[in-house]
Amino acid sequence: QVQLVESGGGLVQPGDSLRLSCAASGRTFRTLSMGWFRQTPGKDREFVATIRSIGTSSYYADSVKGRFTISRDRAKNMMYLQMNSLKPEDTAVYYCAASNSEVLIAARLADYWGQGTQVTVSS
């Protein structure tokens with residue numbers, strides 16, 4: 001079993017930056033692919049970014065490419081999402097997820113979820 005806990009959400013203005021963190025505990029973190037998803041009321045959970053279980057390859061949704069950066073620290077069992085140039089449309093609850101799949105590019109592939117952290121971008 002894996003436990004995931006997100007932190008770092010908050011209220012920011014358009015153009016600001018924010019870094020989300022995800023702390024993992026439980027079974028071996030290093031063998032899991034990790035990802036970030038987000039969700040707004042009435043919509044499905046949306047893929048944001050993922051990083052492979054092996055290596056450092058990462059993939060992003062087109063809507064965040066060039067603005068967001070995903071990273072992981074295997075020694076600390078941590079994953080991060082650096083979000084720059086935030087826009088109002090980035091407002092959502094952001095979820096950390098982990099998967100036994102090689103890469104986590106869709107919500108249906110996730111085996112574990114965090115509880116979510118709210119990010120609000122508003123002037």
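Predicted model: local features only at pLDDT ≥ 70, side-chain atom pairs only at ≥ 80, totals over all residues.
Leaving aside its neighbours within four places in sequence, which residues is Ser 53 in contact with? Ser 53 sits in the loop that runs between strand 5 and strand 6, the latter covering 58–60, and the residues it is in contact with are Arg 30, Thr 31, Leu 32, Ser 33, Arg 72, Arg 74 and Glu 102. Ser 53 counts as buried, because its relative accessibility is 10%, and the cut-off for that word is under 20%.

Glu 102, one of those contacts of Ser 53, brings me to the salt bridges, of which a search of the whole structure finds 5. The side chain of Glu 102 meets that of Arg 52 in a salt bridge, at 2.4 Å from N to O. Since Glu 102 belongs to the loop between strand 9 and strand 10 (112–113), and Arg 52 to the loop between strand 5 and strand 6, this pair ties together parts that are 50 residues apart in sequence. Glu 102 itself counts as exposed, at 56% relative accessibility.

A further salt bridge joins the side chains of Arg 67 and Asp 90, at 2.8 Å from N to O. This pair also links distant parts of the chain, with Arg 67 in the loop between strand 6 and strand 7 and Asp 90 in the loop between strand 8 and strand 9, 23 residues apart. Are these two residues buried or exposed? Arg 67 is buried, with a relative accessible area of 10%, and Asp 90 is buried too, with a value of 1%. Both belong to a network of salt bridges that also links Arg 38 and Glu 46.

Let me turn to the nonpolar core. The largest one has 35 residues, and among those with the most contacts inside it are Trp 36, Leu 81, Met 83 and Tyr 94. Strand 9 (92–99) is one of the strands that supply at least two residues each, and the largest share, 5 residues, comes from strand 9. Leaving aside its neighbours within four places in sequence, Tyr 94 is in contact with residues including Leu 20, Arg 38, Leu 81, Met 83 and Val 119.

Finally, the sheet: an open sheet of 4 strands has the order 1-3-8-7, with antiparallel pairing. Strand 1 and strand 7 stand at its edges with a single partner strand each, so one side of each is left without a neighbour in the sheet. Strand 7 is joined to strand 8 by 6 bridges, and Asp 73 has Met 78 in strand 8 as its bridge partner.

Note on methods
Residues numbered from 1 in each chain as written. Heavy atoms only, no water. Core = buried A, V, L, I, M, F, W, Y, C linked by side-chain atoms within 4.5 Å. Buried < 20%, exposed > 50% of the residue type's maximum accessible area, 1.4 Å probe, protein only. Contact = heavy atoms within 4.5 Å. Pairing = 2+ DSSP bridges. Salt bridge = Lys/Arg side-chain N within 4 Å of Asp/Glu carboxyl O.
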